[in-house]
Amino acid sequence: MAMTEMARTCEEAAHQHDRAAAHYRHSARHLANGEHAVAAKERDLALDHSEKARIEEVTLRPDGIVHDRQAAEAAWHFMD
(Lines give C-alpha, C1' and ligand atoms only; values in the text may rest on other atoms or scores of the structure.)
Protein backbone atom coordinates (compact mmCIF):
# COMPACT_ATOMS: atom_id res chain seq x y z
CA MET A 1 0.00 0.00 0.00
CA ALA A 2 1.41 3.38 -1.01
CA MET A 3 1.96 5.94 1.74
CA THR A 4 -0.59 8.37 0.24
CA GLU A 5 -3.21 5.63 0.10
CA MET A 6 -2.38 4.63 3.67
CA ALA A 7 -2.68 8.25 4.80
CA ARG A 8 -6.09 8.57 3.11
CA THR A 9 -7.28 5.35 4.71
CA CYS A 10 -6.12 6.54 8.15
CA GLU A 11 -7.84 9.90 7.67
CA GLU A 12 -11.09 8.25 6.61
CA ALA A 13 -11.03 5.86 9.57
CA ALA A 14 -10.35 8.77 11.92
CA HIS A 15 -13.25 10.71 10.41
CA GLN A 16 -15.59 7.77 10.90
CA HIS A 17 -14.42 7.39 14.52
CA ASP A 18 -15.08 11.10 15.10
CA ARG A 19 -18.59 10.77 13.67
CA ALA A 20 -19.25 7.70 15.82
CA ALA A 21 -18.09 9.54 18.94
CA ALA A 22 -20.41 12.46 18.15
CA HIS A 23 -23.38 10.10 17.77
CA TYR A 24 -22.48 8.32 21.02
CA ARG A 25 -22.48 11.70 22.81
CA HIS A 26 -25.85 12.60 21.30
CA SER A 27 -27.22 9.20 22.28
CA ALA A 28 -26.08 9.69 25.88
CA ARG A 29 -27.75 13.11 26.04
CA HIS A 30 -31.02 11.76 24.69
CA LEU A 31 -30.88 8.79 27.03
CA ALA A 32 -30.32 11.12 30.00
CA ASN A 33 -33.45 13.02 28.96
CA GLY A 34 -35.47 9.80 28.77
CA GLU A 35 -35.70 9.93 24.96
CA HIS A 36 -35.05 6.25 24.35
CA ALA A 37 -36.19 6.07 20.71
CA VAL A 38 -33.96 8.95 19.63
CA ALA A 39 -31.10 7.59 21.73
CA ALA A 40 -31.43 4.24 19.98
CA LYS A 41 -31.35 5.94 16.58
CA GLU A 42 -28.17 7.80 17.53
CA ARG A 43 -26.69 4.54 18.85
CA ASP A 44 -27.41 2.86 15.51
CA LEU A 45 -25.76 5.73 13.64
CA ALA A 46 -22.74 5.50 15.94
CA LEU A 47 -22.46 1.76 15.33
CA ASP A 48 -22.70 2.32 11.57
CA HIS A 49 -19.85 4.84 11.67
CA SER A 50 -17.81 2.50 13.87
CA GLU A 51 -18.38 -0.27 11.36
CA LYS A 52 -17.26 1.99 8.51
CA ALA A 53 -14.12 2.84 10.48
CA ARG A 54 -13.40 -0.85 11.04
CA ILE A 55 -13.81 -1.52 7.32
CA GLU A 56 -11.23 1.17 6.60
CA GLU A 57 -8.91 -0.22 9.28
CA VAL A 58 -9.06 -3.75 7.90
CA THR A 59 -7.17 -2.56 4.84
CA LEU A 60 -4.42 -1.33 7.18
CA ARG A 61 -4.17 -4.56 9.17
CA PRO A 62 -1.92 -7.26 7.76
CA ASP A 63 -4.01 -9.98 9.42
CA GLY A 64 -7.35 -8.51 8.24
CA ILE A 65 -9.18 -9.32 11.48
CA VAL A 66 -12.70 -7.91 11.58
CA HIS A 67 -14.75 -7.68 14.78
CA ASP A 68 -18.45 -8.39 14.62
CA ARG A 69 -21.16 -5.83 15.23
CA GLN A 70 -23.07 -8.06 17.68
CA ALA A 71 -20.40 -7.54 20.33
CA ALA A 72 -20.73 -3.76 19.99
CA GLU A 73 -24.53 -3.94 20.11
CA ALA A 74 -24.41 -6.12 23.22
CA ALA A 75 -22.80 -3.26 25.12
CA TRP A 76 -25.99 -1.23 24.56
CA HIS A 77 -28.36 -3.84 26.05
CA PHE A 78 -29.47 -1.43 28.81
CA MET A 79 -31.31 0.74 26.25
CA ASP A 80 -33.71 -1.98 25.17
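# Briefing: salt bridges and helix packing

Arg 43 is buried, with a relative accessible area of 12% (buried means under 20% relative accessible area, exposed over 50%, and partly exposed in between, with a 1.4 Å probe and protein chains only). The model is predicted: local features need pLDDT of at least 70, side-chain atom pairs count only at pLDDT 80 or more, and totals for chains, interfaces and linings use all residues. Residues are numbered from 1 along each chain as its sequence is written, and side-chain values use heavy atoms, with hydrogens and water left out.

**Overall make-up**

- The protein contains three helices and zero strands (DSSP runs numbered from the N terminus, H or I of at least four residues for helices and E of at least two for strands).
- Read from the N terminus, the order of elements is α-α-α.
- The protein has 80 residues, and 24% of them count as buried.
- Among contacts in the protein with a separation of 6 or more, 63% come from residues 24 or more positions apart (contact means heavy atoms within 4.5 Å).

**Salt bridges**

- The count of salt bridges is two (a side-chain nitrogen of Lys or Arg within 4 Å of a carboxyl oxygen of Asp or Glu).
- One of them joins the side chains of Arg 8 and Glu 56, at 3.7 Å from N to O.
- Arg 8 belongs to helix 1 (residues 3–32) and Glu 56 to helix 2 (residues 36–58), so this pair ties together parts that are 48 residues apart in sequence.
- Within this pair, Arg 8 is partly exposed at 45% relative accessibility, whereas Glu 56 is buried at 19%.
- A salt bridge also joins the side chains of Asp 44 and Arg 43, at 2.8 Å from N to O.

**Packing of helix 1 and helix 2**

- Two packed helices are described by the angle between their axes and the distance between the axes.
- For helix 1 and helix 2 the packing angle is about 165°, and the axes are 8 Å apart (axes are lines fitted to C-alpha atoms, for helices over the stretch in contact, and angles run from 0 to 180 degrees between N-to-C directions).
- Helix 1 is therefore roughly antiparallel to helix 2 (angles over 145 degrees count as roughly antiparallel, under 35 as roughly parallel, 65 to 115 as roughly perpendicular, and the rest as oblique).
- The crossing of helix 1 past helix 2 is left-handed (the near helix is turned anticlockwise from the far one by less than a right angle; clockwise would be right-handed).
- Sorted by class, the contact between helix 1 and helix 2 holds ten nonpolar, ten polar and eight charged residues (Ala, Val, Leu, Ile, Met, Phe, Trp, Tyr, Cys and Pro count as nonpolar, Asp, Glu, Lys and Arg as charged, and the others, Gly among them, as polar).

**Individual residues**

- His 49 sits in helix 2 and is buried, with 15% relative accessibility.
- Leaving out residues up to four places away in sequence, His 49 touches Gln 16, Arg 19, Ala 20 and His 23.
- His 17 sits in helix 1 and is partly exposed, with a relative accessible area of 35%.
- With residues up to four places away in sequence again not counted, His 17 touches Ala 53 and Glu 57.
- From His 17 to Glu 51 the C-alpha to C-alpha distance is 9.2 Å, at a sequence separation of 34 residues.
- Lys 41 lies in helix 2 and is exposed, with a relative accessible area of 56%.
- Lys 41 and His 26 are 15 residues apart along the chain, and 9.8 Å separates their C-alpha atoms.
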